[in-house]
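Have a look at the sequence and the model first, and then we'll go through the chains and how they meet.

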Amino acid sequence: MVNAIYIIVAALGAAFLLGLLKSEKRGTAYVITLFALSVMTWISAGWVWAFVMERAAPVDFLTGGTSPPFSINFRMGLPEAVLTLLASLTGLLSALYMKDVLCALGQRAMAVLLVAVMALTGIILTRDLFNLFVFFELAIISTAGLMLLSEDARALAAGFKYLIVSQMLSVFFLIGIIFAYHATGTLNIDGMATASLGLKAGGAIAFFFLFIAVVAELKPFPANGWGLDIYESAHPGFAAIFSAATSSAVIYAVDKLLLIGGAEWLPMATGIGVITFLAANLFALPQTNDRRLLGYSSIAQTGLILAVLGQRDILGDNVLYIAGGLLLSHAIAKAGLNWISGLVAGRELPDWAALRSRPILVFAFVTFIAMLSGLPPFPGFYAKWEMVRILAGEGRIALIGLILLGLLIEAGYLFRWFGYIIKREVPAQSVRCSPFQISAIFVALASGWALGFVWGELSNQYFGHDNLLLAIPVVFALTFLLLDWLPAWVKNSIAIVGLSLFFYLTFSDYDPLRMIFAIIFLIGGAVILLASYDSKGRRIGFYPATMLMFAGLILLIRATDTFGFFAAWELLTIGSYFLILRGKHSEPHALSYIIFSLGGAFLILAGFALAAQGAPLFNIDALAQLTQPLAPWVFLLLAIGFMTKTAAIGLHIWLPGAHSEAETDVSPMVSGILLKAGLFGLIVLLMTMGKQQLYGVELTYVMLWIGALSALLGNLMAIFQEDAKRLLAYSSIGQMGYALFGLALMNHLGWLMALMFVINHYIYKSMLFLSAGGVAKRTGTRDMYRMGGLITLMPLSFIATLIGIIAVSGVPPLSGFGGRWIFYNAIISSEYRLPMVIIFLAGPIAFLYLFRLIHTIFLGQLKDEYRKIKEAPFWFILPQMIYVALLLAFAVAPGVALRRVDTYLNQIFPGGGLQWTGTEISSAYGYWNPVAIMIIIAVIFGTLFAWLLFVNRKAQKVKQFNIVYAAERPYRPETTHFAWNFFAPYRKALGFLVQPFATRFWDGVTNTLHTAADISRRLYNGNGQSYAFHLLSFVVIAYLMRMGA
Amino acid sequence: MPFDWMKIPYSLLTLFIVVNYGFFLNALIQKMGARAGRRYGIPIWQNYVDMIKNYGLRSSITHGAMFYLGPVFRLSGGVGLLLFVPTIYGSYMFSNLSFAGDLILALYFIFFGTLGMALGAGESGHPHAAIGVSRGLAQVSTAELPFALAVFAVALQYQTLSVTEIVAAQQGGFLQWTLFTNPLAVAAAMLGFLGSMMRPPFDVVIAPQEIPIGPPTEYHSAYLALMQTNRAIFPIAKIVIYMNLFFGGASDWPTFFFKVFLIYLWSAFVGVVFPRFRVEQSIRWFLIWAVPLGILSIILV
Amino acid sequence: MRELHTKLKSLFPVGDLTEQRSNLGFVTVPQEHLRAVLVHLRDREGFTHLVLLTAVDWLEAGQFQLTYLLSNRTAGKDLGVRVMLARDGATMQSIHDVWPTAATYQRELREMFGIDFPGSPRLHEEFILEGWNDIPPYRRDFDTLKYAQENYSERPGRVTHDPAAHMKQKLNSGGN
Amino acid sequence: MKDELKIRVVKGPDGVEFEVEPLKDYYCEAAPTVMPAAYIKVVEDLFNWARSESIWILGFGTGCGAIEMRPLMTPRFDAYRFGVQWRPTPRQANLFVISGYLSTKTLKRAIRSYEQMQNPKYVIGLGSCTINGGMYWDSYNTIKRLDDYLPVDLYIAGCMPRPEALLAGFQDMKKLIRAGKAEGANLYAENFEWYKANQKRVIHDWDMPDYNW
């Protein structure tokens, strides 16, 4: 093992050597610089290898054999090794990245860079306070020097402000060191820790100075205006170092200091951290400048890590895993993002759309923001999970709330940014980059995924969770990243075969209830994917996203513990987000989808964490063992989380846009399949936890009301839509309301009905979405009133829609009736009566929008421009016809799917099931015979039809204007087709019910956040004096809070 | 249960009786309306003549497949509705095809004809047809609500969804009828009944002066004859449900004729007295006057 | 009515007042002053309502007489403003901007009399007649009988009686 | 021809332009045909009886005679007892009462409505104006002989005939129908060219297909 001192030596030596070179020898100088950085990286990597693979023990050593301040006290342990590797690697990559700049500026710049990296490694390695101070000073000066590398004129001012603030901090630091040395007689950190500095006279104030000086380097709120100026004006290569390496080093310094301070300083760290995290994220929300946004995000992330360090009293040894995961995620992602920002010409966020010309950069961007947002399979995700789990176990609920809120805001602006990249117009100036720059980014990308794997392995090792990157569905999904160069039809075939094969291999694993979901997710997904054969070309990005969603769905039903469940939930959320974002105008809708989904996911996370009470592995079934007073809260959190996915009323506003703006074959996936994930969650929840009471309120009763209101308002809103797919989307809200209602009834038949709805809704909603999508594809519009009379041109789509609406409306003989029949039987045996009134009202309202759907599209008057359109593409029709067959089959023989479930439900709700005698199905109250119904209706219908054919055999087929028109004739089809605002009288009577209250509420929330951020942001006026004042007031406030107490 | 082929002729017999009674009753009610206006009104056999005439028309047109099927849907709905409910209580002969399903089947099958008819009318391309359907659907969405609530109240009261069992529970004197045991539900249902009979004040759907008779504007000849047949069957089929649920059912044909007549008379009586509501007025009317009764009946059961 | 006439006379070169009743009078104004007079009457004298706009064909004089009948609702007075137009190429300025309803009257006059009102909205759309292909039918030089005989087939056997003689004969023949 | 009936070029959603010819694309072009009576005489007799006892009048009043029809619905005359009723749509009507003078403009609408009725269909001319022009004998826009344009089964003379006369006319109409002599629709189909020529002679802006199905 190479002595760690050589890390410092290499940098210093190289810097010294650079000074000797003639100024023309810039190439040589650059090579020397790279070499030095490589050596540093190599040494650090060697140490990491030693600690990880050979389980080496940490090494302490002193330079020169004397104790500080006359020598330097170093320690090399696993964290130090990793962090030095991080710092030096970032330095190396940034140097590569800044090749042009460095060569232009000459040796001195390279020397400063080397010194900066050296100083950072020094901060990480040193174990004594004095040298910490020295390295800090070095870092500050070299940072200020590096600032000048930027071509930005503001960099000079920013560097100067930075110097002012830093010198103030240095003064504090020095004073602190003096007092501390005076009190303990040692400069060694561990020595001070054992000497219990805090207990000594003046020790507390000494530590306060030390602590505040280092923490202030982390740019805590509000003393961070200067930091932002640096992020904004520095060269991106340097900003990467500043963001990734510097903050990591300083964080580690804080960590070391906290060792001295002991437990009583931890709350302060947490407080500062959380406030910084929240405030910085909030301020980032209205940012339009990319680098400033990155700056805010960096500040926020360091704040979060500080808060985590502040929780080390309860996190214990896990702090390394959690803080490390967050820190490395942050460092890699920020370095990567900063590097990418150097490739983008414009400084506004939408200018980043330029990245679209290079898919690999888009992929890198996604990876980085996923790492920042703590999404699987990256370290941040594991860290988030463990952190929340442990915090919840110790009852630190408020802290969880604040952190999750901050994460949500962060995800909000990051994904908004991603939306810009995917959806905004590509600016004229494209991405310009050298192979060096690309390789730097690529290394960050690769290490991000590698760390994801490492953290997954660690998670497996320590907490018994599965490594997500080893789960077969996820691997299958990620494989499509590599296969993206293949034509779409090949990938589609692979996807279909993959889904079917997975089902074939695993179908024996599922109980009847899960079986229904497995069939819908896997086989159902494969059927919908048939429609994807219609797309030509390569369809970059579609299959990884789709398969990621399906991977999430599959893992969801296969999950046995809460971690697996939650990870699957997040996976399907991200996958579906990417899918939805692909729609032409879906940018804002995809954003609201991801925000609501993540919000819901965080509630689920909190719920699971609360339930686990700190246990690392918590089986889902164990939810059943929860007791008062915990159980109802867990139930509430989880229920709201799942209801976000089923778009229960109030949480529904993301759904209409997201489902209607998605691509034609995506809409059925997200509507027919994805919504079921929420229902599955609710089923699991209700199955394990049953009825819960909170403050005397039966929570399932509340759900009953929510379900009923969703059914009513979803249906009501659907009838006022002009857009076919929006109508279907609102109808989904209503249908999910029914299913929610059925589940919340908490009896055998209610559940059976919900499951019947699950199956039915999958079939007919997928079919209707495909049909509407096919029509929209042919007509080029989704506005129903522009269509009309398409029945003769698109007969198969019409048949699909016809069968679909009969099934949705619940009219016999199709399968929707079975659902209604079970529904009635279910509510008779339930004691809740009032919410049913609402459901009853909702029922007939469905007819209104269903009729509108079929009438305004297929019936009525055909328009001029659509006279020559063709039937929807074969690949859209094929799945629709499969669904027609399925619906008919399911209508005649519902028992095939339901009988086993019925039996299975007896385990949960004993008794109250159905009797299946022959073809007749009966309950305690009534009976029906689907086969008989079908035959009777078919016979009656057939007889009458034959009779009409006979008497009417000479009927003259006429055309669309051959109508009686009060003795006039129609003028144009547009003015003859009664379609727009079809239910005008209804709006007059009940329109007041569909005021967009929920939309207004959520708009209000977002606006409030934005306004608050906008007002507070004026703190940062760019004035150095103000910043100094902020810093002082921060110190004073911190002092008062700590010492005054 | 093995299927009994005798059910078929029996059902046809019921159908035959009900069609004739329906034609008779329609004419009778029309005549009574005329008498209220001091006219003689149509001959009692007029509806038969009209139907024969319509079958006898030599030419007809069609606007397309759905237009063609509309009346078939309509009449199938009527016939099916009739046959899914036992007509005469305690009679095997006139229990029809009620083995196929219970009350819920009948309730949902009501919409079968409506939906098919609406689609057929829609394909005619006539804006008045679409306007009529729009009005009809809007109105029926709240008119059905009190009825649905009442049905539910009755089902709760008797703890069954089987029509036969509901009737059985009402045997033993007229005081056992739901009318007396659960008057609120009956009141709600009978108000809802008005809304589904296409008579004033709820006949804006087929407003002849304004949107020349709405959905059937384009229908004629044999189509119209089928629809007329349905107009004879459908109200009776519907009234049979009301009779069975609320008025003790009928255990022989005279009782059947009498009760059906009285229930039918109720809508006719209201119809000749009141003018017409606009759609949003009738929606409000049902929500304000009928639905609360239904809710009360559910809560108080 | 007389004061009004006096007042008008002091402002515009209007002709004499023809008083039909105490509250209904007619004045003639030169074509070029019509607009000013109408606007004055509407805004200053309270004649806010254009009751009708019609024409008389003075074939012999070679003139059309346009009558703008205005009403003062509050005072209960009506005033007809007349304008004489040359019959050949009859053109009059449109007043649809003073009273929007005038546009409809003007359409009718164009169709029935062939008087042009340049600028009036939808002036050249058919108003009552459809596919008219002769001179405007309200012009007195249009022979409606001849037109009817030429265009519409007659049923033979139609005879015309002098009503007085016919009735006398009928009564004398025993009242059958 | 009206603009909306002229051939127009439209662009489909796929960007391909094509022609739309409203009179061909939006209207059925078939000519009316003679519809034979039922093959079996008894059946035809039954139908004729039913037709005569169920006369549905198109609710379309053309002239001042329209006001004479309204009293028929009132208690004083009560035409319903004779099986006569009014239908709001020509599709369901059998009898078209031309109730008074018929301007050329209304004639166009009358023709359209007549053609939209189903075979067999009957026309009654009410009042002298439909017979020989009546008091509109010299009008520039009123036709004088209805039977030149539509096959009239029965005229009711008078200016105006009172409702009683109409009732009597209906009874005569019934006799004609029952005797199988009211074959106006077939007459119209047989002499279609002649009727069309007459119609087009007076209707100068013919803006509809030759036969309005």
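Two residues count as in contact when their C-beta atoms, placed from the backbone, lie within 7 Å. By that rule, the contact between chains A and B takes 63 residues from chain A and 67 residues from chain B. Keep in mind that this is a predicted model: local features need pLDDT of at least 70, side-chain atom pairs count only at pLDDT 80 or more, and totals for chains, interfaces and linings use all residues. Residues are numbered from 1 along each chain as its sequence is written, while chains are lettered from A and ligands numbered from 1 in the order in which they are written.

**Who touches whom**

- Four pairs of chains touch, and chains A and B make the most contacts among them.
- Chain A and chain C don't touch, with their nearest C-alpha atoms 13 Å apart.
- Chain B and chain C don't touch either, and there the nearest C-alpha atoms are 24 Å apart.

- Helices (H or I, at least four residues) and strands (E, at least two) are DSSP runs, numbered from the N terminus.
- Several elements give two or more residues to chain A's side, among them helix H32 (795–809), helix H33 (816–828) and helix H39 (984–990) of chain A.
- The largest share of that side, eleven residues, comes from H34(A).
- By class, chain A's side has 43 nonpolar, 15 polar and five charged residues; here Ala, Val, Leu, Ile, Met, Phe, Trp, Tyr, Cys and Pro count as nonpolar, Asp, Glu, Lys and Arg as charged, and the others, Gly among them, as polar.
- Two bridges join E8(A) to strand E1 (residues 61–62) of chain B, and these strands run parallel. (Two strands pair if DSSP finds at least two bridges between them.)
- Thr62(B) in E1(B) is the bridge partner of Lys957(A).

**A helix pair across the A–B contact**

- Helix H37 (residues 930–951) of chain A packs against helix H3 (residues 65–84) of chain B at an angle of about 135 degrees, with axes 9 Å apart. (Axes are lines fitted to C-alpha atoms, for helices over the stretch in contact, and angles run from 0 to 180 degrees between N-to-C directions.)
- That angle makes H37(A) oblique to H3(B); angles under 35 degrees count as roughly parallel, over 145 as roughly antiparallel, 65 to 115 as roughly perpendicular and the rest as oblique.
- Residues making this contact include Ile936(A), Phe941(A) and Leu948(A) of H37(A), and Pro71(B), Leu75(B) and Gly80(B) of H3(B).
- The contact of H37(A) with H3(B) has eleven nonpolar, two polar and no charged residues.

**The sheet in chain C**

- Five strands of chain C form an open sheet with mixed pairing, in the order E1-E2-E5-E4-E3.
- Strand E1 (17–21) and strand E3 (49–58) of chain C are the edge strands, each pairing on one side only.
- Neighbouring strands of this sheet are turned by 20 degrees against each other on average, direction ignored.
- E1(C) pairs with strand E2 (residues 24–28) of chain C in the antiparallel sense over four bridges.
- Leu17(C) stands opposite Val27(C) in E2(C).
- Helix H3 (residues 102–113) of chain C packs on the sheet, touching E3 and strand E4 (63–72) of chain C, and its direction makes about 15 degrees with that of E3(C).

**Chain D**

- Chain D is divided into domain 1 (1–30) and domain 2 (41–202), with bounds from an automatic or database domain assignment.
- The centres of these two domains, taken over C-alpha atoms, are 35 Å apart.
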